[in-house]
Amino acid sequence: MDHGSVRAAINPMQGATRKWLFRIIGVVALTAAVFYLWRAFAGYGVAILEIADQNVEVYGLIGGAAFVYAGSLLLLGWAWIAFLLPPALPAQRFKLLRLYGLSSAAKYLPGGILHFGGRQWGGAQLGLSQRSLAAASFMEAGASVFAAFLLAVLLCAGGYLTIAPAAAFAIAGVMLGGARRHDAPLSVIRGAGLVLLFMMIMAGLVMGCAVLAGSESALPALAGAYLIAWAAGFIIPGLSAGLGVREAVFIFLASGGEPAPDLVAVTLFMRVLTTAGDGLFFAGFLAFDRKGPRLVKELSSIDC
């Protein structure tokens, strides 16, 4: 018996099964989230229309926040590069950052994990090993979820007092790792600091949206609830950018099951600015790189 042929026949079947399993989990989670949101927002139809009828200044602020969010995504891109072991060569870093930016839009495609496949394929073209690329993506994802939960707990427990020490720790990690980029342990610390800085920016954006919405809830607690909701939407496979689940978890945590119009506004503002920010992040690399359109076409042909 040709064992190699048997393995070759089984592997595609396993890949297809895993892909459909992720899609089924995503559909079930999204259906449950939509049902919860419909039940929660059923009595707020007028309030939602009032939220949409904002003045130009509010939409301008949300647009500015989208640019801030897009810029903060660079922190995650540099974190992913910092998690590569052995560390990437200086000549490879911007190419890897470009790859991160161009593949990021794939998280909105069905399945919600195609951006990881894009990094694997593009990184291999640059001569990096599949194991190193996968480990970096795994560490970036794990650090993101851990940082979101850690900062959420700190914000809910200590309020504004936790922001300064958390920022100091993150900046110290970035500076320490940046001083010796070829030192693997320090490079990982640098990546963790970059991820924590990203989460702090996201928490600030949530607080800003809450102020725009006129929320009377404690701002640190709202930010903490959103970070937990972001992590929940991130870890559930099959979802496109956490759609539905992120909003449902945030409303549930922030309101205790009793949603209010201001929380509806925060939810909508954050979904708009994060989606727009993701688009700006992708478009920036696409517009300023002549190889971008060809790379996007190649990445879109990957079947993960």
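The stops below cover salt bridges, a helix crossing, a surface patch and a loop residue. This is a predicted model.

**Stop 1: the salt bridges**

How many salt bridges does a search of the whole structure find? The count is two.

Select E140 and R119. They form a salt bridge, with the closest N and O atoms 2.7 Å apart. E140 sits in helix α6 and R119 in helix α5, so the pair ties together parts that are 21 residues apart in sequence. Now check the cover: are E140 and R119 buried or exposed? Both are buried.

Next, select R271 and E247. Their side chains meet in a salt bridge, at 2.5 Å from N to O. R271 belongs to helix α11, residues 261-287, and E247 to helix α10, so this pair links parts 24 residues apart in sequence. R271 is buried, and E247 is buried too.

Side chains of opposite charge can pair when their charged atoms come close.

**Stop 2: where α9 and α10 cross**

Look at the handedness: the α9 and α10 crossing is right-handed.

Which residues meet here? On the α9 side, select L222, A225, Y226, I228, A229, W230, A232 and G233. On the α10 side, select V245, R246, V249, F250, L253 and A254.

**Stop 3: a nonpolar patch**

Switch to a surface view. Select F146, L150 and L154, which form a nonpolar patch on the surface. Together they have about 280 Å² of accessible area.

Zoom in on L150. Its place is in helix α6, residues 130-158, the helix that also holds E140 of the first stop. L150 is partly exposed, with a relative accessible area of 37%. Patch members need over 30% relative accessible area, so L150 passes that cut-off at 37%.

**Stop 4**

Where is I113 found? Look in the loop between α4 (90-103) and α5 (114-125). I113 is partly exposed, with a relative accessible area of 27%.

I113 and F234 are 121 residues apart in sequence. In space, the C-alpha atoms of I113 and F234 are 9.9 Å apart.

Methods:
Residues are numbered from 1 along each chain as its sequence is written. This is a predicted model: local features need pLDDT of at least 70, side-chain atom pairs count only at pLDDT 80 or more; totals for chains, interfaces and linings use all residues. Side-chain values use heavy atoms; hydrogens and water are left out. Patches are made of residues with over 30% relative accessible area and no salt bridge: like charges are joined within 9 Å, nonpolar side chains (Val, Leu, Ile, Met, Phe, Trp, Tyr) within 5 Å. Accessible areas come from the Shrake-Rupley method with a 1.4 Å probe; for residues, only the protein chains shown count as cover. A salt bridge is a side-chain nitrogen of Lys or Arg within 4 Å of a carboxyl oxygen of Asp or Glu. Helices (H or I, at least four residues) and strands (E, at least two) are DSSP runs, numbered from the N terminus. Buried means under 20% relative accessible area, exposed over 50%, partly exposed in between (1.4 Å probe, protein chains only). A crossing is left-handed if the near helix is turned anticlockwise from the far one by less than a right angle, and right-handed if clockwise. Contact means heavy atoms within 4.5 Å.
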